[in-house]
Amino acid sequence: MVWPFKPNFRKQIARIEITGAIAGATRKRVLEALKTLEERKFPALLLRIDSPGGTVGDSQEIYSALKRLREKVKIVASFGNISASGGVYVGMGAQHVMANPGTITGSIGVILRGNNLERLLQKVGVSFKVIKSGPYKDILAFDRELTEPEQSILQELIDTSYQQFVQTVADARSLAVETVRSFADGRIFTGQQALELGIVDRLGTEEDARRWAAELAGLDPEKTPVYTFEEPKPLLSRILPGSRQASSGLGAGLGWVEFEVSTSGLPLWLYRP
């Protein structure tokens with residue numbers, strides 16, 4: 001049966017939520033939602049961000065997609081409890097940014113961590129024999145210390161990634177690069193401080209951001225409905241709604257461990273408290 005009345009997406013605001021650490025799954029979901037949003041010709045997007053950041057490449061791809069989309073769609077980013085590091089980077093893809101006064105944001109910078117288990121391995125009598133094609137093929141190996149040349153290579157990598165971050169913020173917020181560098185040292189700050197620094201445009205709630213998006217699109221902020229692109233739920237929580245709450249804490253913990261393991265040795269735009 002064909003439904004005779006198709007929803008008029010031109011009279012609605014789209015809403016996409018980015019929560020938790022940004023990685024491949026987040027990128028895939030958000031990019032698919034942005035594609036659908038464009039196809040359905042939504043006039044505005046409310047982008048809710050509650051994230052400490054995440055992987056560099058995934059954050060860059062989401063930002064690039066938002067930057068392309070904003071030529072056709074009004075985009076307002078709303079920073080929630082935390083929008084730090086890669087969360088800030090993604091938010092730079094919006095034309096306008098709003099944060100709560102107490103939002104934790106900032107942490108503009110890059111971090112790369114590896115594990116050195118050399119002393120532990122020596123105690124248990126375990127060692128590794130490595131055959132490699134070049135001196136740096138096993139850089140950040142967990143069974144030995146970094147050499148000075150390796151430290152230099154990794155520092156150059158981090159500096160390049162950092163410069164990309166700083167330049168993007170400077171361009172998006174119409175700030176001088178040196179101005180951004182003055183506070184892009186990894187520190188965190190509140191939404192109120194972010195407003196003073198020029199990272200956000202206004203202070204307010206997600207509801208305030210929704211009304212702003214409606215106004216920018218020439219829609220009535222009192223009556224315009226919001227269409228939320230929902231994150232797919234696990235099958236179990238769809239069948240047994242009560243199981244979702246019971247397993248949410250465990251699932252979040254396991255998800256974070258999985259993220260830590262999968263990103264070990266990668267440069268991250270991530271706030272690590």
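Tutor: Start with strand pairing: strand 1 and strand 9 (residues 226-228) are parallel and share three bridges. Helices (H or I, at least four residues) and strands (E, at least two) are DSSP runs counted from the N terminus, and two strands pair if DSSP finds at least two bridges between them. In this pairing, A14 has Y227 in strand 9 as its bridge partner. This is a predicted model: local features need pLDDT of at least 70 and side-chain atom pairs pLDDT 80 or more, while totals for chains, interfaces and linings use all residues. Residues are numbered from 1 along each chain as its sequence is written, and side-chain values use heavy atoms, with hydrogens and water left out.

Student: How many residues of strand 1 are buried?

Tutor: Buried means under 20% relative accessible area, exposed over 50%, and partly exposed in between, with a 1.4 Å probe and protein chains only. In strand 1 (residues 13-19), five of the seven residues are buried, so the strand is largely enclosed by the rest of the structure. Strand 1 also pairs with strand 2 in the parallel sense, over seven bridges, and T19 stands opposite D50 there. Between these two strands the chain passes through helix 1 (residues 24-39), and the β-α-β crossover is right-handed.

Student: How is the hand of a crossover decided?

Tutor: With the strands pointing away from the viewer, the crossover is right-handed if the path from the first strand over the helix to the second runs clockwise. Strand 4, helix 3 (residues 86-91) and strand 5 make a right-handed unit as well.

Student: Which strands does strand 4 pair with?

Tutor: Strand 4 (residues 74-84) joins strand 2 (residues 44-51) by seven parallel bridges, with K74 as the partner of A44. Four bridges join strand 4 to strand 5 (residues 96-99), again parallel, and A77 is paired there with V97. Strand 4 and strand 6 (residues 104-106) run parallel with three bridges, where S83 stands opposite T105. Eight of the 11 residues of strand 4 are buried.

Student: Which residues have the most contacts inside the largest nonpolar core?

Tutor: A nonpolar core is a set of buried Ala, Val, Leu, Ile, Met, Phe, Trp, Tyr and Cys residues joined through side-chain atoms within 4.5 Å. The largest one has 47 residues, and those with the most contacts inside it are I16, L34, L37, L45, L66, V90 and I199. Another core, of 10 residues, lies apart from it and includes I13, V76, A209 and A214. Contact means heavy atoms within 4.5 Å. Leaving out residues up to four places away in sequence, L66 touches L34, L45, L47, I75, V90 and G93.

Student: What does L216 touch?

Tutor: L216 is in helix 8 (residues 206-216). With the same exclusion of residues up to four places away, L216 touches K74, V76 and H96. The C-alpha atoms of L216 and A44 are 7.8 Å apart, although 172 residues separate the two along the chain. At 28% relative accessibility, L216 counts as partly exposed.

Student: Is D138 buried or exposed?

Tutor: D138 is buried, at a relative accessible area of 15%. It lies in the loop between helix 4 (118-124) and helix 5 (148-173). A polar contact is a pair of N or O atoms within 3.5 Å; within protein, one must be able to donate a hydrogen and the other to accept it, and residues adjacent in sequence count only if both atoms are side-chain atoms. The side chain of D138 makes such a contact of 2.8 Å with that of K132 and one of 3.0 Å with that of R144.

Student: What describes a pair of aromatic rings?

Tutor: The distance of the centres and the angle of the planes describe the pair. Rings of Phe, Tyr and Trp (its six-membered ring) pair if their centres lie within 6.5 Å; planes under 30 degrees apart are stacked, over 60 edge-to-face, and the rest tilted. The count here is 10 aromatic pairs. For Y89 and F165 the centres are 5.3 Å apart and the planes at 80°, so the pair is edge-to-face. Y89 lies in helix 3 and F165 in helix 5, so the pair ties together parts that are 76 residues apart in sequence. Both Y89 and F165 are buried.
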